[in-house]
Every structure is written in structure tokens, then in C-alpha cells.
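Student: I have a protein model open and I would like to learn how to read it. Could we go through it together?

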Amino acid sequence: MLELKNVSAGYPGRTVLRNVSLDACPGRVLALLGPNGCGKSTLIRTAAGLQPALSGEILLDGKPLRDYSSRQAAQRIAYLPQSRAVPGITARRMVLHGRFPYLSYPRRYRQEDYAAVDQALFQADAAELADCLLPELSGGQRQKVYLAMALAQETETILMDEPTTYLDVRHQMETLRLSRRLAAEGRAVVLVLHDICLALEMADEIAVLGEGRLLALGGPEDIYRSKVLERVMRVCLSRAASPRGWRYFCELPEEG
């Protein structure tokens, strides 16, 4: 389990978020929501150990994250960034990067590494892209490859910053369904999302960030009823019952 205890995150001379406490629990999907610039990406990078917390403590399986080596941490936490460079290599070679935490240098891939890559490409609906060069792929296709790379790490915790970026509606929904399947396998899944309706439908727990702090933390029902998202995001939320549960709708408030 990944635990944040009174964590303040940001950069030297600029604190973005203060005193955030939340847990990423096995078997659950946690969605981080909030307006642009509220610190969602900063928090998830800090939780992944990619930048130091300004204060507070991050625990991984009860042990301070700072006590793990970068390789040990990468064997336990996978991180999918919002964007990354596009090297001139094939998709399969890119996904193999997800196996680096398990390999010594010089890297010699094992049969189990190739098997993990094939499985990850399949899970991310990117198997047909395996031999394609990354620069020749669309943004959505590359996003599926990067997702596969994170899956290939085979970690207990997976942190994803805007995993639905560039994806069409169908693949956005499939990515969130995949998140639910990963949680069902016992993994802890944390997603930074902008689509608050999909988050309310898919997540087990929602953290709302804004005003430099954690404004609310709870299940979708509690978050919806609190109206905190409407206040922070400046939208009107409604919902309707369907055979598959609540369906949420978002619209701008009336002018005047």
C-alpha cells in the first residue's frame, strides 16, 4: 500500500499542495480530480518518488519510500506520465523499457521479459502496433504503447497521469475498464483524470484537489452529494439511473 501522510508537494520556493493525506490501497481505484494547475501531476510525481516531498512522509508497504533504491521502488510502483519524448524505436522496444527494473546492466532480456511485454501490449490493446516505429504512430496509439510499458513493470501499484490523453471515447472507457481489472487483480491504481463523469462512474474513491490542498476524499456517492466538484470545477453535475448504475452528466451553469 502507498500512503501519503501530511505531504506537501511542489518545487523549491513554491509549494503547490499542502498537508495531503491519502492512501492508494490494493484492489481499489483512486481518481485525483481538480482544475488545471491545482497540483494533480505534481502530487502523483511526488507519490512515485520522482520528486521529493517538501514535507510529510510517503510510505510504501509501511516503509518510507526514501529508504527504497530507485530500482526497488520501480519494482513496486509504475508511473505513466502525462507526456514523454518520442524516440525512434519500435513500440515493442519501448514497452521493453518497462522491464528495466528487473535487469542488470548490460541488459539481457529473458523469455519472461518478452512474455510480460506481449501480455502488456495485449492488455493495452496495442498488440498490432508492436513492430511500428513510435514517431509514425498517432498520439492515441503512442498513449496505448506507453500504457503497455507501465503494465510491463508488473508492479503492485500503478500511477497514471491523464492515461486517456489523445484517446477516442471508446479507448478512454476501455482504459478505465482496464484500471478496474487491475484493481480486481489486487493492484492499487491511482489515476489523474479530467473527465469527472467517468471518474464518478469508475473510481472506488475520489480525491478532489484545489486551493492548494485536499478538499475532499471519499466514495463517488459522497463526493457527488457534497457538490465540491461543482464548486471547484465551476460546472453543474447531474445524474440518471441506468441498468449499469448511475450515469453522470456535466454542463456549464446558466449565465446571469
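Student: Which handedness does the crossing of α4 past α5 have?

Tutor: Before that, two notes on the source. This is a predicted model, where local features need pLDDT of at least 70, side-chain atom pairs count only at pLDDT 80 or more, and totals for chains, interfaces and linings use all residues. Residues are numbered from 1 along each chain as its sequence is written, and side-chain values use heavy atoms, with hydrogens and water left out.

Tutor: Now the general idea: a crossing is left-handed if the near helix is turned anticlockwise from the far one by less than a right angle, and right-handed if clockwise. Here, α4 passes α5 in a right-handed crossing. The labels come from DSSP runs, numbered from the N terminus: helices are H or I with at least four residues, strands E with at least two.

Student: At what angle do the axes of α4 and α5 cross?

Tutor: Axes are lines fitted to C-alpha atoms, for helices over the stretch in contact, and angles run from 0 to 180 degrees between N-to-C directions. Helix α4 (residues 111-123) and α5 cross at roughly 135 degrees, and their axes come within 8 Å. That makes α4 oblique to α5; angles under 35 degrees count as roughly parallel, over 145 as roughly antiparallel, 65 to 115 as roughly perpendicular and the rest as oblique.

Student: Which residues of α4 and α5 meet?

Tutor: Contact means heavy atoms within 4.5 Å. From α4, Ala116, Ala120, Leu121 and Gln123 meet Ala148, Leu151 and Ala152 of α5. Sorted by class, this contact has 6 nonpolar, 1 polar and no charged residues. For the classes, Ala, Val, Leu, Ile, Met, Phe, Trp, Tyr, Cys and Pro count as nonpolar, Asp, Glu, Lys and Arg as charged, and the others, Gly among them, as polar.

Student: How do α5 and α6 pack?

Tutor: Helix α5 (residues 139-152) and helix α6 (residues 169-184) pack at an angle of about 5 degrees, with axes 13 Å apart. They are therefore roughly parallel to each other. Lys144, Leu147 and Leu151 in α5 meet His171, Thr175, Leu178 and Leu182 in α6.

Student: In what order do the strands of the open sheet come?

Tutor: Two strands pair if DSSP finds at least two bridges between them. The order of the 6 strands is β6-β7-β8-β3-β9-β10, with mixed pairing. At the edges are β6 (77-80) and β10, each pairing on one side only. As for the helices, α5 lies across β6 and β7 (157-161), while α6 lies across β3, β7 and β8.

Student: How is β9 paired with β3 and with β10?

Tutor: With strand β3 (residues 29-33), β9 pairs in the parallel sense over 4 bridges. With strand β10 (residues 213-218), β9 runs antiparallel, joined by 5 bridges. You can follow Ile206 across: Ala31 has Ile206 as its bridge partner in β9, and the partner of Ile206 in β10 is Gly218.

Student: Why is β9 largely enclosed by the rest of the structure?

Tutor: Buried means under 20% relative accessible area, exposed over 50%, partly exposed in between (1.4 Å probe, protein chains only). Strand β9 (residues 205-210) is largely enclosed because 5 of its 6 residues are buried.

Student: Is Gly98 buried or exposed?

Tutor: Gly98 has 2% relative accessibility, so it counts as buried. You will find Gly98 in the loop between α3 (91-96) and α4. Leaving aside neighbours within four places in sequence, Gly98 is in contact with Met149, Ala152 and Gln153.
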